[in-house]
Amino acid sequence: MKKLSLAKLYDFFAAIAAKEALYLPVNNEVGKAEYKRWSEGVELSHQLNTLRSAKDFFFPQTENLMEFKMEGKKIDIIDTREACDDFVIFGVRACDAASFDILDRVYLVDPVDSYYKNRREHGTVITHACGKPAETCFCGTFGIDAADPKGDITVWDVEDGYVFRANTEKGEKLMAATADLFEDTDDKAVKAEQDKVREILAKMPLADLTTEGVGAGLTKEVFDRPEWASLSESCLGCGTCTFVCPTCQCYDIRDFDTGHGIQRFRCWDSCMYSDFTKMSAGQPRPTQLERFRQRFMHKLVYFPDNNDGVFGCVGCGRCLSRCPISMNIVKVMKTLAKGGNK
Amino acid sequence: MQRIGVFICHCGTNIAGTVDVKAVAEALGHEAGVVFSTEYQYMCSESGQQLMRKAIREHKLTGVVVCSCSPRMHEATFRKAASLEGINPYMVEIANIREHVSWIHKDMKEATEKAIILGRAAIAKVHLNQPLQAGESPVTKRALVIGGGIAGIQTALDIAEAGFEVDIVEKSPTIGGKMAQLDKTFPTLDCAACILTPKMVDAGQNEKIKIFAYSEVEAVKGYVGNFNVSIRRKARYVDETKCTGCGLCTEKCPQKKVPNEFNMGMNNRHAIYIPFAQAVPKVATIDADYCMMLKTGKCGICSKVCGAGAIDYKQQDEVIERQYGAIVAATGFNPIDAKAYNEYGYATCPDVVTSLELERLMNAAGPTNGTLLRPSDNEHPHTVVFVQCVGSRCTETDERGKPYCSKICCMYTAKHAMLIREKYPDTDVYVFYIDVRTPGKNFDEFYRRAVEQYGVHYIKGMVGKVTQNGKQLRVQASDLLAGEQLHIDADLVVLATAIEPDKTARSIATMLTASMDTNDFFTEAHPKLRPVESPTAGIFLSGVCQGPKDIPETVSQASACAAKVIGVLAKDKLTCNPCVAQSDEMLCNGCSSCEKVCPYGAISYSDKEFRGPNRTTLIRRVASVNPAVCQGCGACTVACPSGAMDLKGFSNKQIMAEVDAICQ
Amino acid sequence: MPVTEYKPKIVAFCCNWCSYAGADGAGSARLSYPAEVKVIRVPCSCRVNPMFILRAFQRGADGVIIAGCHPGDCHYTSGNYFTRRRMTLLFSMLDYLGIERERTRVEWISAAEGAKFSKTMNEFCATVAALGENKRLEDLRCKK
Amino acid sequence: MSHSNNATEQVLRSSGVDVRKCMRCGKCTATCPAFDEMEYHPHQFVYMVEKGEIEKLAASPSIYKCLSCFACVDRCPRGVEPAKVVEAVRLAVIRQQGQNHMKSDDIPALLDEDMPQQLLVSAMRKYSK
Amino acid sequence: MQEMMEKRALELLADGTVNRVLGWSVGEFPYDMTPAVFRSAEDLKDRFVYNDFCGANLSKYLIKESKGEGKILVFLKPCDTYSFNQLIAEHRIKRENVYVIGIECYGKADVEKLKAMGLSGITGIQMKNGEYVVETVYGNKTVKASDATAERCLSCKSKKHVVFDELIGEDGDVVEDCNRFDMVEKLEAMTPDERFAFWRGELSRCIRCNACRNVCPACSCEQCVFDNPNSGVAQKAAVNSFEENMFHIIRAFHVAGRCTDCGECSRVCPQHIPLHLLNRKFIKDMNEFYGEYQAGADPDARPPLGTYTKGDREPNEGGNK
């Protein structure tokens, strides 16, 4: 473990930014944290988490896939993949860091998504352990430790500075490149910080949330639960939960006629939308009930089913605070836990 | 995918002179979906059309783009040609490369580029065109003529003659209009009444003609073939069906101090009156503004003397609705108000009169029983001065006047001068003119007769001012040819006031959705080729409402107008424009936004059953468009937030495809 | 017209009855206006959906003008009155968003006003040319 | 017409009058109170300017006989404004003479709400000949 | 308030006037109430809740609910009654199937404001005497209720219920000096460059989640043009600045004259874009150009874009500085 003094944090940023793009949470014009590229004078946000998740770095909202040009009967396909430069993300919380594993399970398995892979390979993730969790946090439910996030490097706030720990080769390389800023330290301060945070987490209202009633192998039971009707009743069918979610990974592929060619791009899609996976035969999920159920079935049942019991949720709590009508995965889980196992 | 043929017209050198037509044909030939592209000397010619038809056959075209003159010119021609080969006519689009390209751009490169882009836009549109079927709507076999002057009467008589019903709506108590007020007519000097009144009687007696006198059009709904018109029948307080027109009431009425409008207010009439002896319908009317009974409830004399029991003080205005296939505007004219012309002293000197007033002063049925007497002292005038062009031919700097020539003044002034000299040879008559305009059969001969035979003094120059000088009028004028300023002591000054469309014409035009020019004359569909039709289908124009005219011209236009009306009424069905709005019921919310902007009331709503998700049934309120009533303006399409309402032939996607092609 | 290299793209929506005929009139009278103006014929100015205007800007137009019958002369009685309200609001909104208001315009041009059509287009082109390229409502994908 | 092109242009420009709008009705002359005093009458001014005969007009005393009463302007049905033509010719003459006797400082005191300013200016030029 | 509402709802359920109640159900936290339909007295007693954080406008749910069997009871705040009335005007709600109880409102609270004060780990909020005692795992804090009032409620246009079958609490008045156009005016006073910069900053955050549209009572289309692949303008993501502009301009235009200014769009925006400023611009312009008009105030009134006068201002005249 290495220690960075309070005063040297920005030297560290400058050292990275000198070589590659550095992104970190910054307060925007409305005072909310969002990832922005660091340059001289940009301040790290002290908020718990960003409004949008960190998945944008590897799975951006829109991405050009290719372009076609047509003349007469000839079609030219143009590869528009951009070479990705190395970049560093600083300040990723434990939940978002865990979400990368979930995305990897989707995009890095065969067939590998080359666009995603390209970004993933070039990105270095520096996580930042949570110091002041919020009531909406429930990462613990999915076995994520907010006090010990993953990532290439992990950073903890301690009283008089920051403690860094490289977890991967990438992380070590980065630390080595900036070694002169650091001094050696033991893990005492980190342990104390971790204990403090874990204690707070235990007091949080969602600390006792469990995955009872959901999980791998429960498709039939959960799917048929009558509660879906009342749970989904007030859902507006917007995509807010999907788009702020660090693990939602669905996209749509669209063509755009620019007037001098066709651009094929992909963009986030939401299973909450009426045209999600619409096919020529029609809409497989005709009402909001089916769409709503799909989203939670996917995260809580289908995904664990296909991924060794790993849930498709990291408990970041974004959907809890962002849903226009305050319906969310916690309410769903609690409802399903009640009177389940029929 | 359409199979599109592109045809570029040279229009002689009109297009080919500025646009490289070969390059256009070549470029457009590479566009997606284009399977044939060529250019030709004159696409609209018989051989040009044959060329197109042959290409449609040989290349199995499904869509056609013609790059030529304005679609307003030959769209119909090419659509017809295409339809002869079995292509739906609405699969043809025109790219206007003459009016919008070759005629306005000089640089060949620039013009050719633009022509190609306009061609691309048309091709992009044709890709999205759908075959459209023109609907049919029935024709109500009855015409409405608004205005009962000589124009309206003639039109009505001719329509009736062809066997169709026709209604005349006239706002005054009798038909006859301005002509009824005239004494003699030029250039023959027949008595106006002698030639007009038989026509009035004919109209009154014709079974096919129904006269709604003392009535006004209140609202017009519908469209060509199917107009629905509300007519307000103003209360006469006399039962038209009972009144025999004996006139006893009009003699006994104690209220005698009502200015007589028929005589231009130069004498009085009674509160109950028949405008003139030959009125049609010859029915008395009570003037509610003056009738003691209606105002105070005390009198009732007319009711007592009426043997027929026709007086009805409780009569109310009545609004009736009638259906028509065509409507004729024959709203006529009025002289402008000469009061604004201070320099001529019309407002202050009683012996300054307008020409129409002079007509009455010389008419046997007029206030002086046909003897020419001065209004001030009822004496014979010995010197009469006529002033031409009062209020005509003015620029906008003179807001009192009109920019146009009123056309009839030169001739009627010659007539007046001649008549005065004939009846009263001791009278000196001066006519001050700017130009004497006599382009008509026997017109110039007539004017020369006034000068040569009757010794009327025509002086080139205008009158500067007229002032009262004792009992006489001092006229200061210039004689431009002599280079003198004249000071004439006249007994009577007659102003040839400009004529203007009747004040009611504007509101009628609005009801008819017929367009007007800045002078409030109705606009004709084409100044040369369609002079008696309004651009609005089913609306026709008769008489001075379209522009200044004399009587012979008015009558010929009235008959021409009748012929056009008969053309509509003779059809059993009219084909409707298929480019109308259509509501996609799957998208419609039934929110009624579209209905609020539809000028024709073509949109209605109904609750319909739809298949909902999971085998449920939903009932939704949805809009539907009556294609016979919709005229295809597209106002609804923009009001509709969901895009459910779209316009056939000009759909959102078609227009956006054009935008895309143009901006490419 | 100032001499300039830059030529703006102008889309002119013209109603069939007045302004398109006015454009034809300008052609018949050989009254020139820049070739950058391309006319799209619509039945009535009220057919012009704000989406078309934005679409034109997206696709690279630098100015959009809508021409219709003079108020009161609409072939369909009231279409241009609605156009007037809609466009008043839309233009005000575009301005509110900081998009140059001179890029959009409504003109009333009758069938007889070929001269006005030509004059209007010349003026509008000059105005838009002075503003330069449309940057605030552009869609970079559509740029070549 | 060519011989006095410059003078004609100057008159046309300084008067702002479009003489081609005249339809030769003579109403200006008919209404002119100074008719008897004038060699050339208002309509002639307009016509002669159109023909380019400025020298004749400039040499004529008519330019000083015009009262600038503006009756001709008021009465002209075509908005030609003959008095402005007379004024323009007069101005051309005065400019040529290089004389302008009234000082501009004197003008404000002479201003009157109801008085057309042009009348004041023309009167000043006329009497300071 | 909650007791009165619950009592009345139970009575109306019991006497058969209604068979359902549309209200709010308890959340995980003191502030995250979800709109819900209650079908039984038990359910109502179990889950029904009403407090200062029940801000959602329930009127849009009635499009679907009023087409169901029997009558539904709905609780509407004053601003919600405007939306309800507007939907009636657009024939989207079957009035006869709805029993409206108007509830008085003195402004709703916005938990984001509490969070912005640094309050985190909220476990309870006690409301009394115009103050909130916010209990958190990090300690308690007392906050003036007015400091937590939702932004939209600070410029409340009306405390009057324009439609109701009965009222709980008092009916208020239209607020004459609500200052709701202050920010619009401020923007209007800026230079075009400043305005452009402002809106680019705001709209560039848009993630096209459609929350604004889906919550909007005026956006009640069967299918939005932006979702309809046949419309030619369908978009799924805010790909670039143009599409962000396009979506928000067209959406504001589509609801112009129909938007009642309920403020839901801005409330739900996860990116905190002040979308109501677009709608308010249209409202302000329409008021200024065509006379005062409040959508929803009178369901029979003619909306500004559904009518005209011959002397209307010309589009080229301009409205802003």
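**Close-up views of two contact regions**

**View 1. Chain E meets chain C.** In this predicted model, 34 residues of chain E are in contact with 34 residues of chain C. Two residues are in contact if their C-beta atoms, placed from the backbone, lie within 7 Å. Residues are numbered from 1 along each chain as its sequence is written, and chains are lettered from A and ligands numbered from 1 in the order in which they are written. Because the model is predicted, local features need pLDDT of at least 70 and side-chain atom pairs count only at pLDDT 80 or more, while totals for chains, interfaces and linings use all residues.

**View 2. The chain E side, by element.** Helices H7 (182-189), H8 (192-203), H10 (241-255) and H12 (276-290) of chain E each give two or more residues to the side that touches chain C. H10(E) gives the most, with 7 residues. Helices (H or I, at least four residues) and strands (E, at least two) are DSSP runs, numbered from the N terminus.

**View 3. The chain E side, by class.** This side, which touches chain C, has 19 nonpolar, 6 polar and 9 charged residues. Ala, Val, Leu, Ile, Met, Phe, Trp, Tyr, Cys and Pro count as nonpolar, Asp, Glu, Lys and Arg as charged, and the others, Gly among them, as polar.

**View 4. Two domains of chain A.** Chain A is divided into domain 1 (2-59 + 67-203) and domain 2 (219-337). These bounds come from an automatic or database domain assignment. The C-alpha centres of the two domains lie 25 Å apart.

**View 5. Where the domains of chain A touch.** Here 27 residues of domain 1 are in contact with 22 residues of domain 2. On the domain 1 side, strand S4 (62-71) and helix H2 (94-107) of chain A each supply at least two residues. H2(A) gives the most, with 8 residues.
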